Amino acid sequence: MTAPKTSVDRLGRLLNLVPYLLARPGILISEAAADLDVSERQLREDLELLWVCGLPGYGPGDLIDMALDGDRVTISHDAGIDRPLRLTQDEALALVVALRMLAETPGTGSRDVIERALAKIENAAGDLADAPVAVKLPANAEKLDQIRAAVEGGHALRMTYYTAARDETTERVVDPMRVLMVGGRAYLEAWCRRAEATRMFRVDRIDAFTELDEPSAPPPEAAPQDVSDGVFKPTADLPLMTLRIGRHSRWITEYYPVEEVRPSSSGEWIVTMRITDLGWAQRLLMGLGPDVTVIGPPELLERIREQATAALDQYSSPAR
Amino acid sequence: MSRTRTERLVNLVICLLSTRRFLTAAQIAATVPGYEHDPEDPRDHEAFQRKFERDKAELRELGVPLETGTASVFDQEPGYRIAHREYALPDIILEPDEAAAVGIAARLWQHAGLAAAASSGLAKLRAAGVEVDPQATLGVEPVVTVDPAFGPLTSAARDRRAVTFSYRVPEVDEPATRRLEPWGVVCWRGRWYVVGHDRDRNATRCFRLSRIVGSARPVGRPGAFVPPAKVDLISHVAGFDGPVQRTGRATVVARHGRAAGLRRWAVSTQPDPDGDKLTLPYGDAERLGATLAGYGPDVYVEGPPEVRDAVIQHLKEVMARHEGVVAA
């Protein structure tokens, strides 16, 4: 979280600051500021403000007192705010659900630790911890476990990977960066030495791998991708395809990123999507139901007609 | 907030925490700096009352448990106090690895509101003396995103309050208004669902949060229903798709170097004059037929007839629907 802006945030921060410092006598102000994610100047202002607050009477023995020793601070009188405020409903929900997610994530390798942490947080949150949220993230836990262990080993990996976009299986050497779950799927993010770029590899498409002796060494330009909007983000330079789809194939628009959906008067939708590869589009479209028709680009339409004709010819020719 | 206002509020919290007696507004005004006013002057007094109301609202917004009561049965005017045991976070002792797990969990949220809630929650744990290693990782980290309806639905489920929302199913043109008694929210295979009793259908229903248009609105009073005891939310959502049994075996010839996607799940591969003969396990002939059709002339189905026929039928349909199409 960035520096709190609203008034409630500042009050919350101040009420939290006293017990925080109380638990860490003599902490460096710079260290506390970094830990609390505020500037050092802001923290000093907060301390000055607390200094004039205290118990009714507001005399020397009543006010919050602290020893400022150069760059260090020690609270010597807390005026009764010796504990942080209870978790709010939203705080309890955010922590409990995230921990449940973590506990359910296959391959984390420390499920018991997460479960223990969860139990303690639930206990501290009291009634609020009873979040009506259940989580299940099924995946091939065994494979994910192997990949994670390999990544933690800190070595480069040689792997056999299936690329659905080009329908090919290739060997490549990668420098692993992290393993993550996005939308119920596990990915290995790594620097691919073949592509000389950072890539997201779906764990279920890593058909085999071996750990190399050399260490994983992603180059400095290998930056983790922001996946908050999903893993596949079509870019504007990719070609568009246009489909006419019937009612029963509208699910396509929920499943694949689409650029535009235009309902037509007949109840059919005209849908445009970006495609990385014509072959991929062909395999997808020829496998879809009878109410999906390609209307562009011309080369895709041509390709589909050609491929379907050639495929059918195999079954009519007596040679086979 | 001005410095004086913050100062006044901190002093108010300290004052109310330190008292066992309920303090009336007048007593508070006489004690806490910043509330000085002339109670005899109606305008001044009214200004004080407004200020005090705002301050109380602010404390409640922050989650400060402000208690209201009277000091004795003879008192008419309500007083205020804060019970320390209600205010304070209970003792929590986390081992370093447990604290690291909480720290990681708090970072998972991609949703701004929940991310802020997670980090302010974590700040409280730190204030309770928990040391969190910001560098810790767990090997595999889930990226947690939620749909806008997540917050309102979890609140409603907790409060046992009915909700109404506009729900759009792709096959249907217009979104429909649904009324639900939400039992809980489920994350299944990376998607969020709400499970509950559908008041219009009078039955248990699941809804995908991504199909809710806008958000969900609570209707009626809290405590309006009781969810079934020990309800297994996951089972209601997971019941949609059971495991697929792949007992069928199809024989398919894949051209040399082609159809890599099929080769990956072949249970056996034999050399063949035209390529490789693959044995593919399958459950549903139609589904396999559709997949195989996608590979065009790169594959040739030898059998069984149900798969072969499905492929031929599928390809004929592809031909038929693209006949006469003029590229846009």
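How many residues of chain A are in contact with chain B, and how many residues of chain B take part? The points below answer this for the predicted model and then turn to individual elements.

1. The interface as a whole. In contact across the two chains are 113 residues of chain A and 96 residues of chain B. On the side of chain A that touches chain B, the greatest contribution is that of helix α9 (residues 298-316) of chain A, which supplies 12 residues. By residue class, that side of chain A comprises 66 nonpolar, 25 polar and 22 charged residues.

2. A helix pair between the chains. Two packed helices are described by the angle between their axes and the distance between the axes. For helix α4 (residues 89-104) of chain A and helix α5 (residues 96-107) of chain B, the angle is about 105° and the axes are 8 Å apart. Angles of 65 to 115 degrees count as roughly perpendicular, and α4(A) is therefore roughly perpendicular to α5(B). From α4(A), the residues A:L95, A:A98, A:L99 and A:L102 meet B:A101, B:V102, B:I104, B:A105 and B:A106 of α5(B). An α-helix has 3.6 residues a turn, so residues three or four places apart point the same way. The contact of α4(A) with α5(B) consists of 9 nonpolar residues, with no polar and no charged ones.

3. Strand pairing between the chains. Strand β6 (residues 168-182) of chain A and strand β4 (residues 140-143) of chain B run parallel and are joined by 4 bridges. Within this pairing, A:V182 has B:V143 in β4(B) as its bridge partner.

4. B:A260 at the chain boundary. This residue belongs to helix α9 (residues 260-263) of chain B. Which residues does B:A260 touch, leaving aside those up to four places away in sequence? They are A:Y162, A:D167, A:E168 and A:T169. Between the C-alpha atoms of B:A260 and B:L89, which are 171 residues apart along the chain, the separation is 57 Å.

5. The four-stranded sheet of chain A. This is an open sheet with strand order β11-β12-β10-β13 and antiparallel pairing. Its edges are formed by β11 (260-263) and β13 (292-296) of chain A; each has a single partner strand, so one side of each is left without a neighbour in the sheet. From one strand to the next, the twist averages 25°.

6. Strand β12(A) and its two partners. Strand β10 (residues 240-245) of chain A pairs with strand β12 (residues 269-274) of chain A through 6 bridges in the antiparallel sense. In this pairing, A:L243 stands opposite A:V271, and A:T242 stands opposite A:T272. Strand β11(A) is also antiparallel to β12(A), with 4 bridges between them, and here A:E260 stands opposite A:T272. These two strands, β11(A) and β12(A), form a hairpin with 5 residues between them, and A:G267 in the turn has a positive phi of about 90°. In a regular strand the side chains alternate between the two faces of the sheet. The covered face of β12(A) carries A:W269, A:V271 and A:M273, while A:I270, A:T272 and A:R274 lie on the uncovered one.

7. Helix α6 of chain B. Helix α6 (residues 112-127) of chain B has 16 residues and reaches 23 Å from its first C-alpha to its last, close to the 22 Å expected at 1.5 Å a residue. Its buried residues include B:L114, B:A117, B:A118 and the run from B:S120, B:G121 and B:L122 through B:A123, B:K124, B:L125, B:R126 and B:A127. After α6(B) comes B:G129, with a positive phi near 100°.

8. The three-stranded sheet of chain B. Strands in the order β1-β3-β2 form an open sheet of chain B, with antiparallel pairing. At the edges stand β1 (23-24) and β2 (67-69) of chain B, each with a single partner strand, so one side of each is left without a neighbour in the sheet. The pairing of β1(B) with strand β3 (residues 79-81) of chain B is antiparallel and has 2 bridges, and B:L23 has B:Y80 in β3(B) as its bridge partner.

Note on methods:
Residues numbered from 1 in each chain as written. Chains lettered and ligands numbered in written order. Predicted model: local features only at pLDDT ≥ 70, side-chain atom pairs only at ≥ 80, totals over all residues. Contact = placed C-beta atoms within 7 Å. Nonpolar A, V, L, I, M, F, W, Y, C, P; charged D, E, K, R; others polar. Pairing = 2+ DSSP bridges. Expected span 1.5 Å × (residues − 1). Buried ≥ 20, exposed ≤ 12 C-beta atoms within 10 Å, placed from the backbone. Axes fitted to C-alpha atoms, helices over the stretch in contact; angles between N-to-C directions. Parallel < 35°, antiparallel > 145°, perpendicular 65-115°, else oblique.
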